[in-house]
Amino acid sequence: MSVPRVLCVGELMWDFYGTSPDSLEQVEGFVRRAGGAAANVAAELTALGVATAVAAVVARDAFGRGLRRALDAAGIDPSALVERRRRSGL
């Protein structure tokens, strides 16, 4: 990966979207996408061809590891993520 030209700093989270337009009570499944302002801005800049990285704190659990993998898969440099021992909040 090239040296990032833009570093996005902020909170990362998972966004969950219902798999149908039904009300929350009727939705039978969800898809997830890395979210939070830092991830969203980095994703848009990456789509425009700008090399990006994200600096944020993630938990040392499945949610945190998943965020790291999702950013990497999207072409966003995750090397500035810092892991903490606590679990992800829900």
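**A loop residue and the core**

Tutor: Asp-61 lies in the loop between β5 (57-59) and α2. Keep in mind that this is a predicted model.

Student: Is Asp-61 buried or exposed?

Tutor: Asp-61 counts as buried because its relative accessible area is 14%, and the cut-off is under 20%.

Student: Which residues is Asp-61 in contact with, leaving aside neighbours within four places in sequence?

Tutor: Arg-87 and Ser-88. Ser-88 is 27 residues apart from Asp-61 along the chain, with 7.0 Å between the C-alpha atoms.

Student: What lies 2.7 Å from a polar atom of the Asp-61 side chain?

Tutor: The backbone nitrogen of Ser-88.

Student: New topic. How many residues are in the largest nonpolar core?

Tutor: It has 14. Leu-12, Val-54, Leu-67, Leu-71 and Leu-81 have the most contacts inside it. Both α1 (37-47) and α2 (62-73) supply at least two residues each. α1 gives the most, with three residues.

Student: What does Leu-71 touch, not counting residues up to four places away in sequence?

Tutor: Leu-12, Ala-39, Val-54, Ile-76, Pro-78 and Leu-81.

Student: Val-54 again. Which way does it point from β4?

Tutor: Val-54 points the same way as Thr-52 from strand β4 (residues 52-55). Ala-53 and Ala-55 point the other way, and all four are buried.

Student: How many bridges join β1 to β4?

Tutor: Four, and the two strands run parallel. β1 covers residues 6-9. In β4, Val-54 is the bridge partner of Cys-8.

Notes: Residues numbered from 1 in each chain as written. Predicted model: local features only at pLDDT ≥ 70, side-chain atom pairs only at ≥ 80, totals over all residues. Heavy atoms only, no water. Core = buried A, V, L, I, M, F, W, Y, C linked by side-chain atoms within 4.5 Å. Buried < 20%, exposed > 50% of the residue type's maximum accessible area, 1.4 Å probe, protein only. Contact = heavy atoms within 4.5 Å. Polar contact = N/O pair within 3.5 Å; in protein donor to acceptor, adjacent residues only side chain to side chain. Pairing = 2+ DSSP bridges.
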